[in-house]
Amino acid sequence: MPRKRAPGSARVVYRTARCGLRVTGGQRRRLFGLLWSAGDVWCCVLELNAWRRCRQDAPLAGYQELCRELAASGPGTFGELDTTGARSVLRRYSDAWFAAAKRRKQGDKAARFPRRRRALVPVRWYAGTFALEGQVVRLPVARGCPPLVVRLDRDLPYPPEQIRCITLLCEAARLYMDVTAEVPVTIYPEEEEPDRRRIAGVDLGVIHPYAAAGPDGQMLLVSGRAIRAECRQHLRDCAARAAAMARRAPKPGQRGSRRWRAYRRRHRAVQARHRRRVRQAQHEAAKTVIGWAIRQKIGALAVGDPRGVLGLDAGRRHNQRVRAWRVGHLIAALRDKAEAAGIAVTLIDERGTSSTCPWCARRVPKPAGRVFACLHCGQSGHRDLIAAANIAARAGGGTIPVVAMAGITHRRAGAHLPGVSPARRDPRRRHTSRPAPRSPGRHRPAPPGTRRARSRSPRGEEPGMHRCIYGQVH
């Protein structure tokens, strides 16, 4: 929990770094045992509230009430899980319960209280309960159990005195450790600090994750075509794998074979790898926006919030694009890096921003392409930059001139993705190469009186032409 600081002290933000673990087989089994024990704590709270609901009693949702029930159960009830780790599960349940209650009080009837059982639940330990020396972490365990010491796979980006908590979790059968640290906000020299009166608008999109318009007419376009190509290729790969395993899938109620379980493990691993790639690319894009804002001395970012249209049914294909968009992570990554840089972030309703002219303030039909052209005043510009300029104007940034291809900085996100460059080939794609030409003197001549058959190319292409399947994603 954030601690109160004296007035005049340095502002801090909380940053989290995810690290892998280098463990032996025995350590791996013990770590998974801690996650299983945390899942038992979660299920016990669900059963306890189910019994109270049957007796028409008030549910136990407060953190202190749940801690008293945990203390009454006695030590050693949940294997090697210590009291601190069990209380972190209770804190997670209490926060989820009260968050759902708040949403239902505001009128959201779709909000549900925690009701699903979980096999593995993340375990968190706070500062003072664990020991950290370099890459070696000593985790607390229940009384009477042997000590548990694990090693991280990389050095932490934060000094040890700034670390506030660590979280053990599992993703796609791989163990990770999330390390949360208290990082002070960046301090700038007097003449280089961001000015809160300089407001820039940011428009979120699929092709361009971030399109920013500054107060001096400086524009930034971050291309997300590599991210979109990764999502599309991942979708094709999963569909092809599912079609190949469809006839081997067990029937409802039938136990799966070893081959089916191996396929499911492989599918979860591929899904986790895809999420890591997209998450890293979106973090790179957000870092590019914040670096651009620092250079322009922008102190406030007005971000268009498109989450109001995510619940609309727009067809199968568009719904799939929206689900792969991960707009919530785009906003969270931008806000996280902006807070560390001392830049304020506000969410603005973006309805109608890409179809309103910033010069004459009149509505025009939304363009089908990327170029916005006003039918009334004749001005034109990039559609995403037009939306960013309108968002900045709604936040009090004034009118921002948007001129086509003038003062626009182009950046690409996802340079680490496979297929971005020919040097980083994507193993999921088919790689075809042009066959080497044969020497005229090496082939055997056709017998006299016979006709050589002409080679047919697919889709009516000329013989000898090569149809490139693997290409650039930008």
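Strand β1 (residues 12-22) runs antiparallel to strand β7 (residues 174-184), and nine bridges hold the pairing on record. Two strands count as paired here if DSSP finds at least two bridges between them. Within that pairing, threonine 16 has threonine 180 of β7 as its bridge partner. This is a predicted model, where local features need pLDDT of at least 70, side-chain atom pairs count only at pLDDT 80 or more, and totals for chains, interfaces and linings use all residues. Residues are numbered from 1 along each chain as its sequence is written, and side-chain values use heavy atoms, with hydrogens and water left out.

**Overall picture**

- The protein comes to eight helices and 15 strands; helices (H or I, at least four residues) and strands (E, at least two) are DSSP runs, numbered from the N terminus.
- Of the 474 residues in the protein, 39% are buried. Buried means under 20% relative accessible area, exposed means over 50%, and partly exposed is in between (1.4 Å probe, protein chains only).
- Taking contacts between residues at least 6 apart in sequence, 69% join residues at least 24 apart; a contact means heavy atoms within 4.5 Å.

**The seven-stranded sheet**

- β1 and β7 both belong to an open sheet of seven strands, ordered β2-β6-β7-β1-β5-β4-β3 with antiparallel pairing.
- At the edges sit β2 (123-126) and β3 (131-133), each of which pairs on one side only.
- Neighbouring strands of this sheet are turned against each other by 30 degrees on average, direction ignored. The axes behind that angle are lines fitted to C-alpha atoms, for helices over the stretch in contact, and angles run from 0 to 180 degrees between N-to-C directions.
- As a reminder, strands of a sheet pair through backbone hydrogen bonds, either parallel or antiparallel.

**β8, β9 and β10**

- Strand β8 (residues 195-204) pairs with β9 in the antiparallel sense over four bridges, and a hairpin of five residues joins β8 to β9.
- β9 also pairs antiparallel with strand β10 (residues 219-223), again over four bridges.
- The β9-β10 hairpin has five residues between its strands, and glycine 217 in the turn has a positive phi of about 85 degrees.
- Alanine 212 is a handy landmark: it is the bridge partner of valine 202, and it stands opposite leucine 220 in β10.
- Strand β9 (residues 210-213) is covered on both faces, with Tyr210 and Ala212 buried on one side and Ala211 and Ala213 buried on the other.

**Rings and charges**

- Rings of Phe, Tyr and Trp (its six-membered ring) pair if their centres lie within 6.5 Å; planes under 30 degrees apart count as stacked, over 60 as edge-to-face and the rest as tilted. By this rule there are four aromatic pairs.
- The rings of tryptophan 260 and tyrosine 263 have centres 5.2 Å apart and planes at 40 degrees, so this pair is tilted.
- Tryptophan 260 and tyrosine 263 are three residues apart in helix α5 (residues 258-295), so about one helical turn separates them. Tyrosine 263 is buried, at 11% relative accessible area.
- Trp97, Phe98 and Phe113 are linked by ring pairs into a cluster.
- A charge sits over a ring if NZ of Lys or CZ of Arg is within 6 Å of the ring centre and within 35 degrees of the ring normal. Arginine 91 has its charged end over the ring of tyrosine 63, 4.0 Å from the centre, while arginine 18 lies over the face of tyrosine 176, at 5.7 Å from the ring centre.

**Loop residues**

- Glutamine 56, in the loop between α1 (25-54) and α2 (63-73), has a positive phi near 60 degrees despite being a residue other than glycine. Glutamine 56 is exposed, with a relative accessible area of 75%.
- Arginine 326, in the loop between α6 and α7 (327-340), also has a positive phi near 60 degrees. Arginine 326 is partly exposed, at 26%.
- Alanine 368 lies in the loop between β12 (344-349) and β13 (371-373) and is exposed, at 86%.
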